[in-house]
Amino acid sequence: MAATIDEDRLSETFAALANSTRRAILARLAEGGATVNELAQPFEMKLPAISKHIKVLERAGLVVRGQRAQYRPCALDPAPLEEVSTWAERYRPVWEARFDRMDDYLRQLQPRRKAGKDDD
Amino acid sequence: MTDNGSADAVEIERIIDAPLALVWQMWTDPKHFKAWYGPGGATIPVAKMDVRVGGTRLVCMEVQTPNGPMRMWFAGEYREVIENERLIYTESISDENGHVSAPSDMGMPEGHPTTTEVRVELKDIGGRTKMVMTHLGIPHDSAGAAGWAMALDKLAAYIATYSNR
């Protein structure tokens, strides 16, 4: 079981990624650290709006802020995306669940097959 | 079992209690596909499938999250279509128009693919169907690419299971 995975954290990570401005901010940070002012430049947005987006990214753990007073440059931290086990391990239960549903659905479609075929 | 050049692949074999043709439709008829593809609370509001080699597909998965409904789009192309026998298609995170999200849009450096491939092989075994599904990451050009691309794939997988927990 993947019980060690922090589910809330992951949903926060995805929510953070589900916004084009925030993805653009991450894309910019993938090239290197930047200050909030620098991050705001490409956008037609006021600083507080950008700061708000950065806070969401920070909460999701995707962005870390430096300690240098005032500038507090932002940097990308991909760790939240990597804390899940391997790609295949994550996908397997998804597919298994899908195929369980396919079985159920097929049983509804073919009621005559319903009985006595539990083995494999 | 599979030798696909990528260590990261899922292979699942199942015996499905249905004839070949019906299992084929599970994958290729949007009406049927929508009925099973979304695990748990995920729904499939959109499934467009032009099932022929080179034809495109577009699937939307919607899940409920604490932040409201979340829609993910997946675009792809059919690479092999042998009716009732073998189906191969690609899958990439995209927008609602099927445009594959540029790696930069996803917060990744340029040039990093996010495409995976799904292979389905069907075989009749006395009226039932043996189904082997392989889902694999397409080999990446550069070593660093895998991390980001797979992280996003993991995320997509997570989203799909989210409302299941």
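Local features are described where pLDDT is at least 70 and side-chain atom pairs where it is 80 or more, while totals for chains, interfaces and linings take in all residues. Residue numbers start from 1 along each chain as its sequence is written, chains are lettered from A and ligands numbered from 1 in the order in which they are written.

**View 1. Chain B at a glance: three helices and seven strands.**
Helices here are DSSP runs of H or I with at least four residues, strands are runs of E with at least two, and both are numbered from the N terminus. Going along the sequence, the pattern of chain B reads β-α-α-β-β-β-β-β-β-α. Of its 165 residues, 33% are buried; that label takes 20 or more other C-beta atoms within 10 Å of a residue's own, against 12 or fewer for exposed and anything in between for partly exposed, with C-beta atoms placed from the backbone. Take the contacts in chain B between residues at least 6 apart in sequence, and 46% of them join residues at least 24 apart. A contact means C-beta atoms, placed from the backbone, within 7 Å.

**View 2. The seven-stranded sheet of chain B.**
This open sheet has the strand order 1-7-6-5-4-3-2, with antiparallel pairing. Two strands count as paired once DSSP finds at least two bridges between them. Strand 1 (9-16) and strand 2 (43-49) sit at the edges with a single partner strand each, so one side of each has no neighbour in the sheet. On average, neighbouring strands are turned by 20 degrees against each other, direction ignored. As for what holds such an arrangement together, strands of a sheet pair through backbone hydrogen bonds, either parallel or antiparallel.

**View 3. The hairpin of strands 4 and 5 in chain B.**
Strand 4 (residues 68-82) and strand 5 (residues 86-94) of chain B run antiparallel and are joined by seven bridges. Val81(B) has Leu87(B) in strand 5 as its bridge partner. Three residues lie between the two strands, and Asn84(B) in the turn shows a positive phi of about 65 degrees.

On one side, six bridges link strand 5 to strand 6 (residues 116-125) in an antiparallel pair. On the other, strand 6 and strand 7 (residues 128-137) pair over ten bridges, also in the antiparallel sense. Val118(B) is a handy landmark in strand 6: Tyr89(B) stands opposite Val118(B), and Val118(B) in turn stands opposite His135(B) in strand 7. Helix 1 of chain B lies across strands 1, 2, 5, 6 and 7, running at about 165 degrees to strand 6. Angles like this run from 0 to 180 degrees between N-to-C directions, with axes fitted to C-alpha atoms, for helices over the stretch in contact.

**View 4. Around Ile88(B) in strand 5.**
Ile88(B) has 17 other C-beta atoms within 10 Å and is therefore partly exposed. Leaving out residues up to four places away in sequence, Ile88(B) touches Arg79(B), Glu80(B), Glu117(B) and Arg119(B). The C-alpha atoms of Ile88(B) and Val118(B) are 5.7 Å apart, although 30 residues separate the two along the chain.

**View 5. Two crossing helices in chain A.**
Chain A has six helices and two strands, in the order α-α-α-α-β-β-α-α. The axes of helix 2 (residues 20-30) and helix 4 (residues 47-59) come within 10 Å and cross at roughly 75 degrees. These two helices are therefore roughly perpendicular, a label covering 65 to 115 degrees, with under 35 being roughly parallel, over 145 roughly antiparallel and the rest oblique. Thr21(A), Arg22(A), Ile25(A) and Leu26(A) from helix 2 meet His53(A), Ile54(A), Val56(A) and Leu57(A) from helix 4. That makes five nonpolar residues, two polar and one charged; Ala, Val, Leu, Ile, Met, Phe, Trp, Tyr, Cys and Pro count as nonpolar, Asp, Glu, Lys and Arg as charged, and the others, Gly among them, as polar.

**View 6. Confidence along chain B.**
Chain B averages a pLDDT of 77, and 68% of its residues score at least 70, on the predictor's per-residue confidence scale from 0 to 100. Residues 1-6 of chain B fall below 50 and have ten contacts beyond near neighbours in sequence. Where pLDDT is low, the predicted coordinates should not be read in detail.

Key:
Two residues are in contact if their C-beta atoms, placed from the backbone, lie within 7 Å.
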